[in-house]
Amino acid sequence: MTPTARPAAAGRLARAVTAAGLGGAGLLLAAPAAGAVTVPPGVYVVDEAQVLTPAEEQRLTNEITALGRETGQGLYVVYVDEFETNAQDLAQDVADQRGLGTTDSILAIAVEQRSFGFDAGARDTALQDDVTATYIRPALQDASRTGWLGPALAAVQGVDDAADGELDGVGASGAEYDPAGTLPGRAARDEGRGAGSAGQESSGGGALTAVLGAGAVAAAVGGGVLVARNRRKKDGGAVERSGRDARPVERDPLDEMSLEDLRTRAGSKLVAADDAIRSSEQELGFAMASYGEDAVRTFREDIDQAKEHMRASFQLQHQLDDHIPDTEEDQRSWLKEIIQRSDAVGAALASHQKDFDSLRDLENKVPEALERIDARLPETRARVQQAESSISALHGQYAESALAEVADNAAQARERLEFVETAEAKARQAWESQDRSTAALAVRAAEESLSQVDTLTEAVGKAEGSLRTIVGNLQTGLAQSEQDLAEAETLVANGSHPELAGPVAGMKSTLAAVRRSLSGGRPDPLDLLHQLEAAHRQLNTPLSGVRDAREQARQASQMLNSAIAQAQAQIDGTADFIGARRGAVGSEARTRLAEADHTLRAAIDLSRTDPVTALQQAQRASQLAERASELARQDVEGFGYGGGMYGPGMGGMYGGRQRSGAGASFGGGLGGALLGGILMNSMFNSGGGSWGGGGFGGFDGGGLGGGDFGGFGDISGGGF
């Protein structure tokens, strides 16, 4: 990051509201105070002290990026001349700016004071102390001779080692410490970017253990590269030496992409990571039902870690999508961080994937799993019938627009049920032919399809309750508006506030229209509530100048609980809609939904101290959720036509009828499985298809419809 790049990024950050991943709660955080170090999104190294060369800063950035990609751990390094107060305050400021969570560490170095602070978030404090003593402090002691890059690279290796809980010189990524300093850094090897004089191939080098003294580590610093690392494979190559004579490392391949291509890749990665979390959560539910909460606690922690990265990624995407113009530098920086954090989601989920697969052991328990699925089917079919009846009744009470999210839920549920039978048949066939891997994959597909049936049918009941709640809120809003209208009319009549005359007329007209719609039958309650809120805002803005702060807070408090409940219901409804149709829904709808949830969490946090602002935030959350719903429905509508993922003629591939829209189906429920993300794009390969979307673990963000996830493979044999 060059000094000239800082002002634009800092200006954007100064007005930004950052999503915090701490403790899983979304918080509204203030921008950094004047004079504080600014760490813009997408930047991991801030050299205010100007002690790194451009090549060193680029190398450190590449190493931190590789660390995040391979282990899911984040690291931020800040160099300053001196601490204004202390290192802990600076670290906390950085954490607040960037919304850092338990997978992120901060190294702050004061060059003139020759002091530092290292904060590893919520990780084991003993490990944090060991990383400080074994890696960072010895490197800092020798920095005047070897350069200031050494302490930061030491922190990278320490975080890598701490990721697997053991400071044995072999990190969670499988990278090993090389005390001789003769091997290229991980980032240079991974991208084929080694620089410097030729080096020697190594079988792994000596392992740094926790018992190595400070002198040994300091000696390693003097050797040139403190934390050069080597994967356990024959990938030696050119040496890259640290220090001020280091040659520049080649640019990150992402920097060579056009902005449009970078945005496309980031969007694909974002969707893939979101889907990976959704699939992993479903798989976790299946495992918990069989083995209990204690058995899956570690895997739930993996998902929580992945969610922290997703919250930050969605916030970055929201900044890219908002109305404020961004420089190309900012856009590139944020898009690259989205890609890196999405990759970190895969690393977090894959960290215990083998353990999870061993826990479920599906390949040896296919018959038992199929029995459990069959046992659930009668009750599930009954719920689908109930959903059909409920939707029919709702159509008699509300406008079509009010039921947009659930109108085809029963039809979609029946299609998923049809696919359950298809997947079960495939599982039995594969089991009988002793193809246990395919049988297990088909079982996972059946389980996920059954889970989507639950989501679809439960969403109908939620929608029914939500509509009743909105009608109740509407009645409350009408009464409140009548009171405000009477107050405003009195002020207009005595001539003290003539500016209220226009809003008074508007409120009268809106009240009459809303009451007519309610009494006329089949209203859209949410649309009517929006109309009432708009008129109320027009009236309330001038009225707020008349009322004192206490009265404003009292009125806001009266409306706040219902506004929060309504926003939560809208967020849940849209989340269910996307969850059961994730094969079609892109990044924009998901980003709006994430921002709605973040905004609602902020409203809840403010509800006790600032009800006026909290009410505004809750109403904003509702608007964002509604927009997310609109975008998601647009994605689904476009999914079934020629411009979508599969278009006219595709149905003939599977012996079913041709698909004519998002609600139609191929034979065997395959259309619904595609829409639900259970079958992925690779099924279009000649001769067969793929079972995707299920399983706990990593993903490949490059595929259509959200990518391909750990736990599935090709099923050959010419279709279904």
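The legends below describe close-up views of a predicted model.

**View 1. Helices α2 and α6 in contact.** Helix α2 spans residues 54-71 and helix α6 residues 149-162; their axes come within 11 Å and cross at roughly 5°. Angles under 35 degrees count as roughly parallel, and α2 and α6 are therefore roughly parallel to each other. On the α2 side the contact is made by Glu-56, Arg-59, Leu-60, Glu-63, Ile-64, Leu-67 and Thr-71. On the α6 side Leu-149, Ala-152, Leu-153, Val-156, Val-159 and Asp-160 take part. Of the residues in this contact, eight are nonpolar, one is polar and four are charged.

**View 2. The aromatic pair Tyr-44 and Tyr-76.** The model has two aromatic pairs. In the pair of Tyr-44 and Tyr-76 the ring centres are 5.4 Å apart and the planes stand at 45°, so the pair is tilted. Tyr-44 is in the loop between β2 (28-29) and β3 (45-47), while Tyr-76 is in strand β4 (residues 74-80), so the pair ties together parts 32 residues apart in sequence. Tyr-44 counts as buried at 9% relative accessibility, and Tyr-76 is buried with a relative accessible area of 1%.

**View 3. The aromatic pair Phe-299 and Phe-356.** This pair is edge-to-face, with 5.1 Å from centre to centre and 90° between the planes. Phe-299 belongs to helix α10 (residues 293-321) and Phe-356 to helix α12 (residues 353-360), so the pair ties together parts 57 residues apart in sequence. Phe-299 and Phe-356 are both buried.

View 4. Over residues 403-430 the chain is 79% helix and 0% strand. The end C-alpha atoms of this stretch are 41 Å apart.

Terms used. Residues numbered from 1 in each chain as written. Predicted model: local features only at pLDDT ≥ 70, side-chain atom pairs only at ≥ 80, totals over all residues. Heavy atoms only, no water. Helix = DSSP H or I, 4+ residues; strand = E, 2+ residues; numbered from the N terminus. Axes fitted to C-alpha atoms, helices over the stretch in contact; angles between N-to-C directions. Parallel < 35°, antiparallel > 145°, perpendicular 65-115°, else oblique. Contact = heavy atoms within 4.5 Å. Nonpolar A, V, L, I, M, F, W, Y, C, P; charged D, E, K, R; others polar. Phe/Tyr/Trp six-rings, centres within 6.5 Å; stacked < 30°, edge-to-face > 60°. Buried < 20%, exposed > 50% of the residue type's maximum accessible area, 1.4 Å probe, protein only.
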